[in-house]
Amino acid sequence: MEETDREAVATAVQRVAGMLQRPDQLDKVEQYRRREARKKASVEARLKAAIQSQLDGVRTGLSQLHNALNDVKDIQQSLVDVNKDWRQSINTIENLKDVKDAVVQHSQLAAAVENLKNIFSVPEIVRETQDLIERGELLQAHRKLMDLECSRDNLMYEQYRMDSKNTHDMNLIHTYFGDMQKLSEELAKQLWMVVQRSLVTVRRDPTLLVSVVRIIEREEKIDRRMLDRKKQTGFIPPGRPKKWKEKMFNILERTVSTRIEGTQADTRESDKMWLVRHLEIIRKYVLDDLLVAKTLLDQCFPPHYDIFNKLLNMYHQALSTRMQELAAEDLEANEIVSLLTWVLNTYKSAEMMGNSELSPEVDVNSLNPLISQNVVDQLLSKYMSTLTSNIIGWLRKALETDKKDWIKETEPEADQDGYYQTTLPAIVFQMFEQNLQVAAQINEDLKTKVLLLCLQQMNSFLTRYKDEAQLYKEEHLKNRQYPQCYVQYMIAVINNCQTFKESIISLKRKYLKIEMEDALSSSHTSMDATLDIIAKEGCSSLLDEVFMDLEPHLNELMTKKWLMGSNAVGTICVTVEDYFNDFAKIKKPYKKTMTIEAHRRVVVEYIRAIMLKRISFKNAEERKEGAERMIKEAEQFRFLFKKLAAGSGEDTEGLCDIIEAIAEVIKLTDPSLLYLEVSTLVSKYPDIRDDHIAALLTVRGDASRDMKQTIIETLEQGPSQPNPNYVPIFKEITVPTLTVPKLLK
């Protein structure tokens with residue numbers, strides 16, 4: 001109590017301290033005192049009421065306990081009286097035992113008399129029932145079977161009641177009715193045959209199926225009745241419960257599984273399309289069966305059977321099992337695609353479960369996947385691995401086939417615009433297209449992966465293509481007569497590069513999402529670069545072919561024979577034009593490059609012929625004649641390449657101007673102006689070197705060694721301001737080094 005008082009005082013002090021924190025609150029002390037007094041009075045009143053309520057409850061409880069004690073005493077007295085009466089009646093009960101036995105015996109005899117007719121007619125009823133089963137009259141047969149079972153069950157039940165341990169009499173009854181069990185099994189066999197063929201039977205004879213269902217329903221009721229009696233008495237007849245409803249669903253489930261498995265008519269060895277056929281047959285059978293189940297079968301079963309949904313689940317489970325079995329086999333790439341397309345798309349499409357006639361009973365969104373995502377991923381991984389190997393093999397085979405065409409004695413085919421081509425790009429991209437279309441049937445992700453794979457392998461393939469084109473050129477150089485159509489097939493190779501470029505762009509535009517383009521830009525750039533190299537090397541090899549034929553005529557340039565009136569340049573122009581008749585079948589991007597390069601190489605070879613110093617003019621007349629001939633031949637070249645470049649927009653003037661500029665240096669009659677003319681030449685063509693100037697002055701023939709030295713040294717001291725648009729040409733031209741040092745000594 002002291003502890004409580006101290007806590008109360010402390011609490012009170014705390015409350016007073018909280019109320020009197022400021023001086024102005026002292027004026028309200030009386031007000032606070034009255035408020036606390038009211039609270040105290042209220043708490044005391046509640047305490048009194050609570051104590052009074054507790055006292056009333058205790059008083060009531062004591063009163064009830066007193067009454068209960070009196071009731072217990074009364075019951076105790078009553079039990080004593082009952083015990084006394086029971087002891088007095090024991091003898092009377094023992095005297096009634098004979099009566100009890102007589103009652104039981106009477107009940108058994110009454111049951112025997114009641115079933116006596118059936119007992120004596122059992123063999124006859126068995127024969128009649130057998131005949132009814134054989135004739136297909138299943139309802140009547142079941143009725144008689146029920147009568148037989150009822151007679152047997154009643155007799156056995158009475159025997160059980162009289163003496164449950166008397167197994168001899170029980171066995172006797174069971175043996176007497178033994179044929180009945182065979183009838184039951186025979187009838188069940190007929191029922192299961194109808195159930196197995198239920199989807200066919202419901203179309204031809206729905207009443208037969210209804211009869212089967214009615215029989216099963218009867219047996220279900222008997223099963224329930226027998227189980228209820230077992231709970232009360234412990235007795236149940238042999239063979240019960242039959243559980244025919246459960247067996248019926250088991251039969252249906254096995255039938256569905258067998259139907260799904262039995263649709264495989266072919267193997268891979270007998271038919272490459274075995275899986276496609278197998279899946280298509282499954283699709284057709286399942287859809288047909290479910291439509292029949294919904295429209296006809298559902299009407300032959302009681303609603304609580306929910307037969308359609310049960311069949312739907314059976315088909316789904318059987319399909320899932322079958323698809324998993326197929327997925328576990330060693331499938332080829334096209335078979336994996338067929339399986340995944342069917343599982344992921346066809347199954348839930350309008351061609352199957354999404355069919356409008358199955359709606360709304362079938363909700364495709366609620367159907368579980370036929371195979372797990374893990375299995376799908378494994379199949380996709382295997383598919384990509386197999387596809388990679390296949391694409392590499394297909395590309396290698398396509399290139400080998402194309403190489404065989406390169407050595408044919410007939411020209412390659414031309415496209416609709418007349419450009420030479422081979423079938424390689426069409427074969428490659430048709431293969432890519434087919435695989436992408438197949439992948440798109442499964443999902444977008446796989447389509448993107450296959451596209452990336454195709455482009456990746458295309459990159460490697462183009463490198464091999466470049467190497468093979470180079471080997472083709474090298475083999476040709478060993479014997480230029482073989483292959484016969486080398487030029488035409490090299491043109492086709494060049495044209496293929498442009499076709500590859502266009503096909504790659506088309507493929508990406510058709511199958512690649514915009515957001516993925518950046519990820520492939522480097523790969524695309526690499527392929528374009530490789531194709532440009534192939535085309536450039538091809539063009540170069542063709543020009544090499546041209547200039548090998550031109551070599552004898554180029555060797556005549558700037559010689560005595562040339563000065564005497566050789567027609568070497570005319571022959572060169574005719575030869576180039578003749579080759580370019582074939583080169584006209586090169587596609588435009590590369591044809592323009594080809595023309596520009598040919599123009600450049602002709603001019604370079606002409607200038608190289610000058611720099612080789614095959615001739616040294618003896619006098620002004622020879623210099624004039626030679627210069628005019630050079631100007632005339634430059635004009636021939638200009639006319640030729642202007643004709644060849646018609647429509648391409650190529651500037652054909654600049655290169656031939658170099659020949660004319662050199663001719664002006666040679667043509668000059670006043671040696672004192674030679675430095676000025678040479679400096680003009682150098683200012684136009686800043687890549688010209690000292691050895692070029694020395695060679696040019698040597699060809700001119702009238703410049704002394706000191707003059708050459710002076711001109712070269714003076715030009716070296718002068719400023720050089722090259723034209724930014726000038727493409728160097730003299731750096732490609734080498735001057736024989738044996739004579740240059742001597743000239744400069």
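Does Asp-306 count as buried, partly exposed or exposed, and at what relative accessibility?

## Basis of the model

The structure is a predicted model, in which local features need pLDDT of at least 70 and side-chain atom pairs count only at pLDDT 80 or more, while totals for chains, interfaces and linings use all residues. Residues are numbered from 1 along each chain as its sequence is written, and side-chain values use heavy atoms, with hydrogens and water left out.

Asp-306 counts as partly exposed, at 34% relative accessibility (buried is under 20% relative accessible area, exposed over 50%, and partly exposed in between, with a 1.4 Å probe and protein chains only). Asp-306 is not a glycine, yet has a positive phi of about 50 degrees, and is found in the loop between helix 12 (274-295) and helix 13 (307-328).

Lys-613, in the loop between helix 22 (588-611) and helix 23 (620-644), also has a positive phi, near 60 degrees, but counts as buried at 19% relative accessibility. Helices here are DSSP runs (H or I, at least four residues), numbered from the N terminus.

## Cis peptide bonds

Ser-359 and Pro-360 are joined by a cis peptide bond with omega of about 0 degrees, and Pro-360 sits in the loop between helix 14 (333-346) and helix 15 (373-406). Another cis peptide bond, with omega of about -10 degrees, joins Tyr-482 and Pro-483, the latter placed in the loop between helix 17 (444-478) and helix 18.

Terms used
Helices (H or I, at least four residues) and strands (E, at least two) are DSSP runs, numbered from the N terminus.
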